[in-house]
Amino acid sequence: MKTSNLLIYLKVLVDEVEIEQPMNWSGDGNRNLLQDYNAEEIASIRTLDMPKVCAYPFHTLAIQSNGDVVCCCVDWSRKTYVGNVEQESLMGIWQGDRLKKLRLLHLEGKRFLNDACKNCEKLPCGEAYKLDDLDAVLPEVLD
């Protein structure tokens, strides 16, 4: 179904629809999640002014069904694992060493050292994320 037809159909069902730019999430194995898009569409997505530092570890946590906590809502492989709410408090996880190390990786420009982050094809960017631009933040801020 074409996007325009889908939007017309959804208007009778929902109050609001937001369509995210497609991405390969956190490297979903050998599946090509962009297979339905032509080369021109993919090129336009990848040329957006993407930040170097992902803001998610600084403001987002996702709790999986087993209690595992990850920093990225699309980290299906749990490679940004920072704790488990059945074993420690959410505040403890938020202020803990695992999350601090992940934040440092991003601030130091080493996100490629995390298997989920290195394959991310679309960091949060665009007008909606202007306030989340952490590219100029120095790692010392976490001390």
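Reader: Why is N114 called buried?

Author: N114 has a relative accessible area of 10%, and buried means under 20% relative accessible area, exposed over 50% and partly exposed in between, with a 1.4 Å probe and protein chains only; N114 therefore counts as buried. This is a predicted model, in which local features need pLDDT of at least 70 and side-chain atom pairs count only at pLDDT 80 or more, while totals for chains, interfaces and linings use all residues. Residues are numbered from 1 along each chain as its sequence is written, and side-chain values use heavy atoms, with hydrogens and water left out.

Reader: Where does N114 lie, and which residues is N114 in contact with?

Author: N114 belongs to the loop between α5 and α6, where helices (H or I, at least four residues) and strands (E, at least two) are DSSP runs numbered from the N terminus. If neighbours within four places in sequence are left aside, N114 is in contact (heavy atoms within 4.5 Å) with K79, T80, L102 and L105.

Reader: Which residues are buried in helix α5, and what covers them?

Author: In α5, which spans residues 97-107, the buried residues are L99, L102, R103, L105, H106 and L107. Their cover includes α3 (56-59), β3 (81-84), α4 (90-94) and α6 (115-118). After the helix comes G109, whose phi is positive, near 75°.

Reader: What makes up the largest nonpolar core?

Author: Eight residues make up this core, namely V69, C71, V82, I93, L99, L102, L105 and C117, and α5 gives the most to it, with three residues. A nonpolar core is a set of buried Ala, Val, Leu, Ile, Met, Phe, Trp, Tyr and Cys residues joined through side-chain atoms within 4.5 Å. A second, separate core has five residues, among them V53, A55, L107 and L134.

Reader: Which residues is V82 in contact with?

Author: Leaving aside its neighbours within four places in sequence, V82 is in contact with L61, V69, C71, E88, I93, R98 and L99.

Reader: Is D68 buried or exposed, and what is the reason?

Author: D68, whose place is in strand β2 (residues 68-70), has a relative accessible area of 13%, and this value is under the 20% limit, so D68 is buried. Not counting residues up to four places away in sequence, D68 touches A62, I63, R78, Y81, G83 and N84.

Reader: What makes the meeting of D68 and N84 a polar contact?

Author: The two side chains make this contact at 2.8 Å. A polar contact is a pair of N or O atoms within 3.5 Å; within protein, one must be able to donate a hydrogen and the other to accept it, and residues adjacent in sequence count only if both atoms are side-chain atoms. The value of 2.8 Å for D68 and N84 is therefore within the limit.

Reader: Why is the pair of D68 and R78 called a salt bridge?

Author: The closest N and O atoms of D68 and R78 are 3.4 Å apart, and a salt bridge is a side-chain nitrogen of Lys or Arg within 4 Å of a carboxyl oxygen of Asp or Glu, so the pair meets the rule. Because D68 lies in strand β2 and R78 in the loop between β2 and β3, the pair ties together parts that are 10 residues apart in sequence. R78 is partly exposed, with a relative accessible area of 29%.

Reader: How many salt bridges does the count come to by this rule?

Author: The count comes to four salt bridges, including one between D115 and K118 (3.2 Å, N to O) and one between E108 and K110, with the closest N and O atoms 3.9 Å apart. D115 and K118 both lie in helix α6, three residues apart, about one turn of the helix.
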